[in-house]
Amino acid sequence: MAEISFRNVTKTFPNGKSAVRDFSLEIHSGEFLVLTGPQGSGKATVLRMIAGMEPISSGELRINGEIVENGKPEKRNMGMIFQHYTLYPGMTVRDNISFAMKLHQEPEDVIRRSVEETARIFKIENLLSCYPRELNELQKQYVAMARAHVHQPEAFLLLNPVRSLDLQARKKARNRLKELQEEIGTTLIYATDDAAEAAFMGTRTVIMRRGRIIQVGTAEELMENPCCFFVAQFMNEPGFGSGEVRIVKGKTAVEAVADNFSVDVPPEWIPRLEQAGYVGKRVLMGYTVSRPSDEEDMGCELLPDGESRFFFFDRETQKSIV
Amino acid sequence: MISNQILQNTIEGLKGIMRIELCICDTEGKVLATTFPDAEEYEFSVLAFVESPADSQVIQGYQFFKVFDEHQLEYVLLARGAGDDAYMAGKVVVFQIQNLLVAYKERFDKDNFIKNLLLDNLLLVDIYNRAKKLHIDINVRRVVFVIETQTENDTVALETVKSMFSAKSKDFITAVDEKNIILVKELKTGESYEDMDKVAKMILDMLNTEAMATVHVAYGTIVNELKEVSRSYKEAKMALDVGKIFYSDKNIVAYNNLGIGRLIYQLPVSLCRMFIKEIFDGKSPDDLDDETLVTINKFFENNLNVSETSRQLYIHRNTLVYRLDKLQKSTGLDLRVFEDAITFKIALMVVKYMNYIETLDN
């Protein structure tokens, strides 16, 4: 189990593009951490830096308290599953799992024991002599996970691992992953660009944009108390709407007024807006319509009144009004 | 040519079926594989048998057979027993080994053929003749991938790539130098560049996660004929180079996606020098401080939008304007003007290219 700590880490490529900026984060031993953000936000680079595939440009990266030097990914012993994984088509599941160990010339009996132990954990003992073409996508996914697990990694790094599966299988794979993490207790970092997935995992979530950490919290916190417009929108899609409104204080209620509609400002927002001096001014308003309760149900409909969530942001800074 | 391990596995397998002890020697009497101990004792008998005109013979209770590869004596096989059974079994084993030789030769020849094809060492007529002999389709769409590893002779990476594509024998995997693995991939009907991008991503992800190897993957254009494969290979090599110079943030580079980098890569260095002299008047943009370079890159990334750039750099708009003014004073180029911006952008790329060429020269 690994404890991973980033301190002001940046990654700038030789052509001047920076993928990760001023990244500071403590990942606890045995933690299940979700890393989310739109494509190109630097999630993959963070994982690759942990794995040792990408040298860091500045800052400090510690694994288990020790500063790690750049390079030598094989010494870090990280189990990885990236989005475009594949199984070796000409090999049985057993050989697929043990192939890397064989290449590294581990003793035969160690390999056999590790494969059997891993197969037991992933409940794929009965598939060991099958070929990949005989497996369904979910089984393939389990084999890929077993392959990453077989050499007892310090931590698991997963990058969009369930992207290739259909919705049903995705759900199963994610459930299994959660169970497994509890069973084996390994540090697990799960990167995804799908906010719904992050919400599903329900653990500490880091949201990134353009290489920076924007907010850290449970997915629920990020959805309900976003620090800025971007987080509100990203975490509440699909079913997020926004527009500019003017905050107007009437006799009975405080209203958010736009050209063609007006809504009552929810009571918890009134003191915030008043204290920050936004009454009578224009602000950016975000609101949610109902999120699909389940993934199979992708239709969205407007929630009945009162269940919609509202957010108010400063127009200039796009930060949440507190 | 065939490894002794394979020979050993073969005769052990056959012994398991036929219950007859077997041994294979080379033409100098050296034992290559055997299922019984003390096979070395028969060295002299083997040498005598090699000299004799007979194809098979019973000596000291063993059937001796000659195994030919295209009329050239390759091995001597010993099968224990003097009766008909031993003779029959021996014949079966000889047949099996001869077929193995043919298969191995074909594979070896194919590898050689592809290497020569990639390196342009073949005449056009040879390509067609040899391809026909080796059962390689001529008019199939193919594309060449070059996979560059960080460490030389990375056997783990090579084995990983081989295993990924081994089930499809129509793809060739070979290495022409220490750091590059080459994959000549046959395309199915309907497969396009998008699919090739997926293949490249798959190679990258697999080598990262399985071989723990940091690699760069590049691929050329899709070609329709076998003789054009070398072109796709050269393009892939070039894409790898161009990627290193201009797109260092990318691990996958496609030749048909190189953009302006491809143009600059073809320019003669003297022309580049002239251009840089004209723009920067002898000074090098490398002399610009990091802060200015970051500012410029950000400004370009944000399509010359001043407010967005200053927001992202966490600086005041006026600070950015001041920096741009300062740059205009020193270079005469106002990046807020499209013409000047594009000149500056190209100049930066040309400088990168020249720096790369210089490192090659050193």
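How much area is buried between chain B and chain A? The area buried between the two chains is about 2900 Å², and carbon and sulfur atoms give 56% of that area. Buried area is the accessible area (1.4 Å probe) that two parts lose on being put together, summed over both. Three residues, B:Glu210, B:Met212 and B:Asp249, supply 22% of the area that chain B buries against chain A, more than any other three residues.

This is a predicted model, in which local features need pLDDT of at least 70, side-chain atom pairs count only at pLDDT 80 or more, and totals for chains, interfaces and linings use all residues; side-chain values use heavy atoms, with hydrogens and water left out. Residues are numbered from 1 along each chain as its sequence is written, while chains are lettered from A and ligands numbered from 1 in the order in which they are written.

The contact (heavy atoms within 4.5 Å) takes 30 residues from chain B and 32 residues from chain A. Three salt bridges are counted between chain B and chain A. A salt bridge is a side-chain nitrogen of Lys or Arg within 4 Å of a carboxyl oxygen of Asp or Glu. One of them joins the side chains of B:Glu210 and A:Arg147 (3.5 Å, N to O). Four residue pairs, both residues at pLDDT 80 or more, are in polar contact between chain B and chain A. A polar contact is a pair of N or O atoms within 3.5 Å; within protein, one must be able to donate a hydrogen and the other to accept it, and residues adjacent in sequence count only if both atoms are side-chain atoms.

On the side of chain B that touches chain A, α5 (155–165), α6 (193–209), α10 (290–301) and α11 (306–312) of chain B each supply at least two residues. Helices (H or I, at least four residues) and strands (E, at least two) are DSSP runs, numbered from the N terminus. The most comes from α6(B), with seven residues.

Helix α5 of chain B holds B:Thr160. B:Thr160 is buried, at a relative accessible area of 1%. Buried means under 20% relative accessible area, exposed over 50%, partly exposed in between (1.4 Å probe, protein chains only). B:Thr160 touches A:Tyr88, A:Phe99 and A:Leu103, among others. A polar atom of its side chain lies 2.6 Å from the backbone oxygen of B:Val156.

The largest nonpolar core has 58 residues. Such a core is a set of buried Ala, Val, Leu, Ile, Met, Phe, Trp, Tyr and Cys residues joined through side-chain atoms within 4.5 Å. B:Phe113 and B:Phe344 have the most contacts inside this core. Helix α13 (residues 338–361) of chain B gives the most to the core, with 11 residues. Among the residues that B:Phe344 touches are B:Phe280, B:Leu288 and B:Ile296. A second, separate core of 38 residues includes A:Ile97, A:Leu138, A:Tyr142 and A:Ala144.

A:Leu284 lies in strand β14 (residues 282–288) and has a relative accessible area of 12%. A:Leu284 touches A:Phe229, A:Phe311 and A:Phe312, among others. A:Leu284 and A:His84 are 200 residues apart in sequence and 39 Å apart in space, C-alpha to C-alpha. A:Leu135 lies in the loop between α4 (108–121) and α5 (137–149) of chain A. A:Leu135 counts as buried at 8% relative accessibility, and its contacts include A:Leu87, A:Val93 and A:Cys130.

Methods. Lists of a residue's contacts leave out its neighbours within four places in sequence.
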